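Work through the exercises below with the sequence and the model side by side. Try each task before reading its solution.

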Amino acid sequence: MIPSEKVYEIIEKIDILEVVSRYVKLRKTGRNYKGLCPFHPERTPSFFVNSEKQIFHCFGCGTGGNVLSFLMKIENASFAEAVMLAAEMAGIQIQVSGYSDQADARKKIVFEANKIAMKFFKMSLESSQGNVAVDFLEKRGIGQLYREKFAIGYAPARNSLVDYINANNLAIGDFEQAGLVIKKETGYTDLFRHRVIIPIFDHRNNICGFGARAIEDQQQPKYLNTPENYVFKKGNLFYGLNWAKERIKSSGFAIIVEGYFDLIKMHMAGFENTIAPLGTALTENHMRLLKRWTDKILLVFDSDSAGTAAAFRSLETILAGGFEVKIGVMPSGFDPEDFLDNYGNEALKKLLNQSKDVVDFAFQIGSQKHSIDNPKGRAVLIEEILGLIKHIPDDIERSIRIGQLAKITGVSEGILAQQLKDIPEKETSQSFTQLSNQQVQSYAENYAEKTLIKILLRQPSWADEIKPYLNLLPETISKVVEHCTNNEISGKKISKILNQFNPEISGFLTQAIFGENDPENIDITRKEFYDCVKVLCKKAFENRRRKLQEIIKQKTESGQPCDKELEELQFCINQANVKNLESILSRQERSVDVKNGEKE
Ligand SMILES: [Zn+2]
């Protein structure tokens with residue numbers, strides 16, 4: 001556990017401006033700094049940092065908080081990890097007696113097991129039994145220097161890792177969690193046997209897992225990866241990002257290739273801004289991760305049909321993430337590794353310089369598939385390309401692409417734009433999921449409000465208990481409580497008050513009254529009751545927060561001071577995160593009247 005005084009010390013010592021600036025280009029505007037939000041795609045900045053208050057907020061996607069919340073979000077880190085990171089940045093030493101949450105502890109176990117395994121694999125490569133792997137690597141032109149750099153190892157043919165673990169009295173369960181050994185009825189066996197081992201690091205240099213290449217032709221499968229676990233999540237990792245990230249930042253773009261060896265050869269050839277997904281399609285998480293270093297991608301892949309199909313899928317994700325993308329197509333039958341081996345760096349550089357942008361590329365690939373001389377073929381092709389353009393979140397960028405497509409196809413921009421409109425919006429799985437979370441939440445609030453009314457109808461005597469929260473609860477609840485207190489809720493009396501509610505609630509009340517004997521309504525617990533109150537109180541802070549954001553945005557844009565609002569905003573963010581109801585109440589006295597604020 002990290003003591004809370006330490007946490008406060010870190011927050012005090014570290015400057016949010018400095019931390020955020022490592023990830024986001026910020027520009028001063030009045031008393032604040034603003035930049036492009038790293039959490040959602042945008043072209044006009046709506047991401048603000050206030051260094052005086054040490055908080056940030058995005059008016060586009062609603063994300064906000066202090067320096068630790070920022071680190072948690074951008075590094076995809078737990079609270080404890082964020083504290084450690086911040087401490088490191090602030091140069092504060094912290095003694096951690098144990099990882100503060102279970103998830104961290106589990107991760108640490110896997111990282112440690114992987115580290116030990118990596119050492120073992122490297123050792124095996126250097127031993128005489130590793131000669132076969134060294135030969136394999138030498139044949140591919142990967143010499144000693146680069147074997148070291150990429151920490152490449154060898155997994156021997158027998159259960160050598162299991163033997164090593166046992167001989168050193170290590171906890172074999174840890175290695176099982178890391179997916180390195182498999183428990184069978186007869187005992188443990190190694191996952192990787194007689195394979196070249198490529199350790200896969202995350203961008204913070206933790207060893208998350210391994211890729212393993214077969215050495216003999218008859219060995220199946222050719223590539224074997226660590227199975228998915230707490231730290232090895234293919235959809236969140238890029239191979240090579242730990243080495244490439246600085247270069248990506250300085251060069252202004254990332255090169256994405258497909259395979260481990262492609263990547264190694266690219267780095268060897270000086271293309272050190274190259275990364276590779278782990279044999280999967282690119283995901284939203286990949287895009288969010290990469291956004292910290294660049295918003296430009298050069299996608300390189302094989303020109304066979306499987307390659308182009310994969311590229312199309314990746315392009316959708318890349319475009320939806322708001323990236324600018326160019327596509328470098330390898331000549332038929334070559335991957336980057338073969339190409340480099342045959343033609344060398346300069347030839348590859350030339351080839352990459354001729355990379356195409358998304359519309360040109362899609363047109364070129366599509367016109368090989370569909371015959372564009374007949375109108376039908378051309379229509380299909382246009383629809384395919386518009387399907388890609390549809391993923392671009394930015395309107396200006398979209399219309400540029402439409403213009404380009406019009407030029408190539410000879411179809412007018414107006415018609416294309418109309419056709420684009422007619423393509424149904426993709427489900428949010430393709431893009432950022434902010435919206436669906438909100439929907440879930442508003443459903444929960446609605447449900448809480450209704451359930452609370454239902455409970456009060458049944459247990460009018462409980463109404464007194466929620467009176468302290470009334471200024472945070474919706475008006476309908478106040479009304480119901482009032483009627484409970486006046487003993488107007490039972491029996492016939494209810495009919496008199498129904499018209500005081502909106503049609504939806506009123507309909508709900510009658511339904512509840514009719515369903516009084518419904519078995520599912522019988523066991524109402526105090527916990528349910530208070531859970532509903534909590535959800536609704538949080539909603540009140542949430543609403544106030546949104547309102548404040550509007551005010552702050554307006555004031556900031558017109559250059560007026562908004563310190564009071566920022567302070568209240570921080571308060572609302574805190575209260576919305578409070579875990580138990582009592583704390584919401586206990587701090588409430590100090591606060592402004594949230595509900596009155598809402599009515600402003
Ligand atoms: Zn945002």
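**Exercise 1. Find the sense in which strand 13 and strand 15 pair, and count the bridges.**

Solution. Start with strand 13 (residues 254–256) and strand 15: they pair in the parallel sense, over three bridges. Strands here are DSSP runs of E, at least two residues long, and helices are runs of H or I of at least four, both numbered from the N terminus. Two strands count as paired if DSSP finds at least two bridges between them.

Residues are numbered from 1 along each chain as its sequence is written.

**Exercise 2. Which strand pairs with strand 15 over six bridges, and why is strand 15 largely enclosed?**

Solution. Strand 16 (residues 324–329) pairs with strand 15 in the parallel sense over six bridges. Next, check burial (buried: 20 or more other C-beta atoms within 10 Å of a residue's own; exposed: 12 or fewer; partly exposed: in between; C-beta atoms placed from the backbone). Five of the six residues of strand 15 (residues 296–301) are buried, so the rest of the structure largely encloses this strand.

**Exercise 3. Give the strand order of the open four-stranded sheet and name its edges.**

Solution. The order is 6-9-10-11, with antiparallel pairing. Strand 6 (153–155) and strand 11 (223–225) are the edge strands, each pairing on one side only. Now take strand 10 (residues 207–214): its antiparallel pairing with strand 11 runs over three bridges. Glycine 211 faces asparagine 225 of strand 11.

**Exercise 4. Locate the largest nonpolar core and its main contributor.**

Solution. A nonpolar core is a set of buried Ala, Val, Leu, Ile, Met, Phe, Trp, Tyr and Cys residues joined through C-beta atoms within 7 Å. The largest has 91 residues, and Ile197 and Ile385 have the most contacts inside it. Helix 5 (residues 102–126) gives the most to this core: seven residues. Apart from it lies another core of 57 residues, including Leu26 and Tyr469.

**Exercise 5. Where is pLDDT below 50?**

Solution. pLDDT is the predictor's confidence in each residue, from 0 to 100. The chain mean is 84, and 86% of residues reach 70 or more. Residues 427–436 fall below 50. Residues 517–522 also stay under 50. Where pLDDT is low, the predicted coordinates should not be read in detail.

Notes:
This is a predicted model: local features need pLDDT of at least 70, side-chain atom pairs count only at pLDDT 80 or more; totals for chains, interfaces and linings use all residues. Two residues are in contact if their C-beta atoms, placed from the backbone, lie within 7 Å.
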